[in-house]
Structure formats: C-alpha cells, structure tokens
Amino acid sequence: MFKKILALLGIKDPAPPAGPAVPSAPYKQDELNLIYNLLFCDESTLYKPQGTETALFGEQADAAVVRTIAEDHDEESRVRILAYNWLRENGHAVPSRELLGVIVEVPLDEGLDVLAAYADGTVRYINQTGKFAVFEGAPDAVADSAKALVETAKPALRNAAAAPGARTPPPGPGHLRIAFLASDGLYFTQGTFEMLARDARASSAIQSAQALLDLVVRQASE
C-alpha cells in the first residue's frame, strides 16, 4: 500500500506512530484504532516513517508532483485523498466535492461496525467484534459494489456538512454516520436510523452500503 507515492517522496512504508495516541480510539486494540483512523486519510502524521516526525507529504514535497498524484484516476483512492489534503492545506486549489471514498459507521451491541469503500473499488470492513477484512479491488463483485456505493453516495454528498475541524468521535447508540472523503475535505451526514431513512439521498447510500456489506460478509466467510 502507498509504495508508489512513498517512493516518489523518498520515504519508507508507513508505520504506526510512536508516542501520541491516534485521533480516535473506539476499539480496545491499538492496532484496530490505527486501522480505523487510517480509513479517513485526514491525519497525514499516521503515515510517517517510524521513529521520525516527517509526515507523508513534508515541507519539501513538490506541489506539481503531488497534484499529478491527486489527479491520477489510476492511483489508489486513499493516496489521492492524502495528496488533495496536502494541496489544500498548503494553499493550492483543489476541485470541489470530488468523491473518493465513503465510510459508514454503525454502533452495535458488541462495538462499532465500520464499512469503508473507495472509488478504486477497495474496501475495508471492521466488524463490531474486532474482526477486520480487506478487499484490494477483488473479487470483481465486491469492487463493483464498492464503486457503486461511491456513485450512489454522490447525491447525498451535496447535502452533507463539511467537517468544521478535527474529526469528531464515532456516532453513539441508535445513530449512524456517513463520512464522505472528498477532494476538498471530509463531509458528514449523521442521525438516527429513522431520520436518515426519511432522507432519500442518504437512504439510497445506506441501501448501497448494505448491499456491499452483504457481499463482504459472504466473501469473508468463504
């Protein structure tokens, strides 16, 4: 993961940060909390080389190179998000609301269920029990369903609220949160199941997420 971008920037593979805790810790295991936070691509320091304070895109990064990566539709979606984040944070123009990923969070009896789908067809799923599944663009049915979720979520993004600052903790019991990972930052739609069911755009995204989840669970159990 991320080998192309890391090679271009001259740093090693990302490693868990030493010292400071990850931004949000909904799970008992540190490894799962790191995986959870990496889904959102909103904290570049989580991708720094072990034992250094260098972020994924440092001060010496070439803006033209970073933009090329951000606009490369063949590049991994999470790498593109990180590139767009760097451009925006360093005063460079970025396109508005180009959707690159969708994350659905649902608190259940045993913990937090999280499904993340990206525009490149990759999927991450953290089950409430702490089990974790990764799909890197295969099988085709999962990849196609992930891409469909991102497409279906685009209308819902229009009504979503931009994150005002640091990402807030996961939703509480009885609530559901949809995170939209866009070229110009994070957006969220959150509410009770009943409230979101009345929102046609959010409801369509949730139904698409359920279809993807059914495939993911089926594949993981085979």
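I began by settling a term: contact means heavy atoms within 4.5 Å. I also reminded myself that this is a predicted model.

**Entry 1: helix 5 and the sheet**

With that cut-off in hand, I looked up helix 5, residues 140-159. Helix 5 lies across strand 1, strand 2, strand 3, strand 4, strand 5, strand 6 and strand 7. I noted its direction too: about 90 degrees to strand 1.

I found an open sheet of seven strands, and reading across it gives 4-3-2-1-6-7-5. The pairing is antiparallel. Which strands sit at the edges? They are strand 4 (132-136) and strand 5 (161-162), and each of them pairs on one side only.

**Entry 2: strand 1 and its partners**

I then followed strand 1, which spans 99-108. It pairs with strand 2 in the antiparallel sense, and I wrote down eight bridges for that pair. Here is one place to look: Glu105 stands opposite Val114 in strand 2. Another is Leu108, whose bridge partner in strand 2 is Gly111. How many residues lie between strand 1 and strand 2 in their hairpin? I found two.

On to strand 6: strand 1 pairs with this strand as well, again in the antiparallel sense, over six bridges. In this pair, Leu99 stands opposite Ala182.

Is strand 1 mostly covered or uncovered? It is mostly covered, with nine of its ten residues buried.

**Entry 3: helix 4**

I turned to helix 4 (77-89).

**Entry 4: the nonpolar cores**

Last, I looked inside. The largest nonpolar core holds 32 residues, and Leu39, Phe40, Ile103, Val114 and Leu181 have the most contacts within it. Several elements each supply at least two of its residues, including helix 2 (30-40), helix 3 (63-70), strand 2 (111-118) and strand 7 (185-192). Which element gives the largest share of this core? Helix 4 does, with seven residues.

Key
Residues numbered from 1 in each chain as written. Predicted model: local features only at pLDDT ≥ 70, side-chain atom pairs only at ≥ 80, totals over all residues. Heavy atoms only, no water. Core = buried A, V, L, I, M, F, W, Y, C linked by side-chain atoms within 4.5 Å. Buried < 20%, exposed > 50% of the residue type's maximum accessible area, 1.4 Å probe, protein only. Helix = DSSP H or I, 4+ residues; strand = E, 2+ residues; numbered from the N terminus. Pairing = 2+ DSSP bridges. Axes fitted to C-alpha atoms, helices over the stretch in contact; angles between N-to-C directions.
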